Amino acid sequence: MDDVCWLDAAERRTWLALLGTTAALDAVLDRQLQRDAGMPLAYYQLLAMLSEAPGRSLRMTELAEITQSSPSRISHAVKRLEARQWVLRRPCADDRRSTFAQLTDAGYAALAAAAPAHVRAVREHLFDALTAEQVAQLREILTAIAARIPD
């Protein structure tokens, strides 16, 4: 244990502030989406990622990587989104082991309907608290942290 470089008081406060803030932000955004759109934040994120993909379609493995989720968690979520007719699965023509998740028109409509209130909540709980300079600094900080996290 002597080789551990323990956090100093400022680092510990910063670490705890990051943990608390990200948990609180996720929770408030999840509640907003549940209340206003009837979907959890995780489903909104999946729909948003699919909406930005070419052909509104991604391999399930890519969707798992992008959302930092396990393949089984993505499979479960896509199954629920299929039940709502927001996503459909289709086999990959050139790789029988792969499956695509594709956003349907109904899924796109659900995402489009949810987006305005969600963006207002993101703005209210994140960006309205910051100056333009702080937004740029936050982006730089998060980019630097993300660059050190292994895939």
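What follows is a chat about a predicted model of one protein chain.

Q: What kind of model is this, and what pLDDT do local features need?
A: The model is predicted; local features need pLDDT of at least 70, side-chain atom pairs count only at pLDDT 80 or more, and totals for chains, interfaces and linings use all residues. Residues are numbered from 1 along each chain as its sequence is written, and side-chain values use heavy atoms, with hydrogens and water left out.

Q: How many helices and strands does the protein chain have?
A: There are six helices and three strands. Both are DSSP runs numbered from the N terminus: helices are H or I with at least four residues, strands are E with at least two. In sequence order the pattern is α-α-β-α-α-β-β-α-α.

Q: What box do the C-alpha atoms fill?
A: Roughly 55 × 40 × 25 Å, taken along the principal axes.

Q: How much of the protein chain counts as buried?
A: Of its 151 residues, 26% do. Buried means under 20% relative accessible area, exposed means over 50%, and partly exposed is in between, with a 1.4 Å probe and protein chains only.

Q: Which residues touch the most other members of the largest nonpolar core?
A: Met 39, Tyr 44, Leu 47, Leu 63 and Val 87, out of 29 residues in that core. Helices H1 (9–37), H2, H3 (60–66), H4 (71–83) and H5 (105–125), along with strand E3, each supply at least two residues of this core. H2 gives the largest share, seven residues. A nonpolar core is a set of buried Ala, Val, Leu, Ile, Met, Phe, Trp, Tyr and Cys residues joined through side-chain atoms within 4.5 Å.

Q: Which residues are buried in H2?
A: Leu 41, Tyr 43, Tyr 44, Leu 46, Leu 47, Ala 48 and Leu 50.

Q: And what span should H2 have?
A: Helix H2 (residues 41–52) has twelve residues and should span 16 Å at 1.5 Å a residue; its end C-alpha atoms are 17 Å apart, which agrees. The expected span is 1.5 Å times one less than the number of residues.

Q: Moving to the strands, which ones pair with E3?
A: Strand E1 (residues 57–59) runs antiparallel to E3 (residues 95–103), and three bridges join them. Strand E2 (residues 87–92) is also antiparallel to E3, over six bridges. Two strands pair if DSSP finds at least two bridges between them. A hairpin through two residues joins E2 to E3.

Q: Where does Arg 56 lie?
A: Over the face of Tyr 108, at 3.8 Å from the ring centre. A charge sits over a ring if NZ of Lys or CZ of Arg is within 6 Å of the ring centre and within 35 degrees of the ring normal.

Q: Are Cys 5 and Cys 92 buried or exposed?
A: Cys 5 is exposed, with a relative accessible area of 75%, whereas Cys 92 is buried at 5%.

Q: Which residues have a positive phi without being glycine?
A: Gln 68, at about 55°, and Gln 85, near 65°. Gln 68 is in the loop between H3 and H4 and is exposed at 72%. Gln 85 is in the loop between H4 and E2 and is exposed at 59%.
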